[in-house]
Amino acid sequence: MADLAPASLPAPPYYAVVFTSVRTAGDNGYGGRTEQMLKPAADQPGFLGVDSARGEDGLGITVSYWRDEESIAAWRAHAQHALTRAHGREHWYASFAVHVAKVERA
């Protein structure tokens, strides 16, 4: 389990990708895949950190932080991430939303 503390981030500006989701019933490989995706994300140029929480009701929020929009686009195009997103839509999420924001103050 990761350290229980908010992501340590540089001074703004940077970008936040906010992924809010409602899980389907059962793990269905979700926990393992989540852990597997942290390494390639962290290795991606422009990755700054991540914060994530999920309630007992299945509602979760994950915020990943990125240096710039190009870094976000590169992560979105990452082959393993694309496969995981597709699998998630089919097996893990009853619903979800993604929002991208520029952080100007922290």
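1. On exposure, the terms are used as follows: buried means under 20% relative accessible area, exposed means over 50%, and partly exposed is in between, with a 1.4 Å probe and protein chains only. This is a predicted model, in which local features need pLDDT of at least 70 and side-chain atom pairs count only at pLDDT 80 or more, while totals for chains, interfaces and linings use all residues. Residues are numbered from 1 along each chain as its sequence is written, and side-chain values use heavy atoms, with hydrogens and water left out.

2. H87 lies in helix α3, where helices (H or I, at least four residues) and strands (E, at least two) are DSSP runs numbered from the N terminus. H87 counts as partly exposed because its relative accessibility is 25%. Leaving aside residues up to four places away in sequence, H87 touches N28, R33 and W92, contact being defined as heavy atoms within 4.5 Å. H87 and Y30 are 57 residues apart in sequence, yet their C-alpha atoms are 9.7 Å apart in space.

3. R85 also belongs to helix α3, and with a relative accessibility of 23% R85 counts as partly exposed. Its C-alpha atom is separated by 24 Å from that of V103, which is 18 residues apart from R85 along the chain.

4. How do α2 and α3 pack? Helix α2 (residues 69-77) meets helix α3 (residues 79-91) at an angle of about 65 degrees, and their axes are 5 Å apart. That makes α2 roughly perpendicular to α3; under the convention used, angles under 35 degrees count as roughly parallel, over 145 as roughly antiparallel, 65 to 115 as roughly perpendicular and the rest as oblique. The axes are lines fitted to C-alpha atoms, for helices over the stretch in contact, and angles run from 0 to 180 degrees between N-to-C directions.

5. On the α2 side this contact is made by W75, R76 and A77, and on the α3 side by A79, H81, A82 and R85. Sorted by class, the contact has four nonpolar, one polar and two charged residues, where Ala, Val, Leu, Ile, Met, Phe, Trp, Tyr, Cys and Pro count as nonpolar, Asp, Glu, Lys and Arg as charged, and the others, Gly among them, as polar.

6. Helix α1 (residues 30-43) has 14 residues and reaches 21 Å from its first C-alpha to its last, close to the 20 Å expected at 1.5 Å a residue; the expected span is 1.5 Å times one less than the number of residues. Within α1, Y30, M37, P40 and A41 are buried, and the buried residues of this helix pack against β1 (14-23), β2 (47-54), β3, α2, α3 and β4 (93-103).

7. S64 is found in strand β3 (residues 59-66), and at 14% relative accessibility S64 counts as buried. Beyond residues up to four places away in sequence, S64 touches Y15, A16, V17, G49 and V50.

8. Two residues of the segment before β1 deserve a look. P13 is placed in that segment, and a cis peptide bond joins P12 and P13, with omega about 10 degrees.
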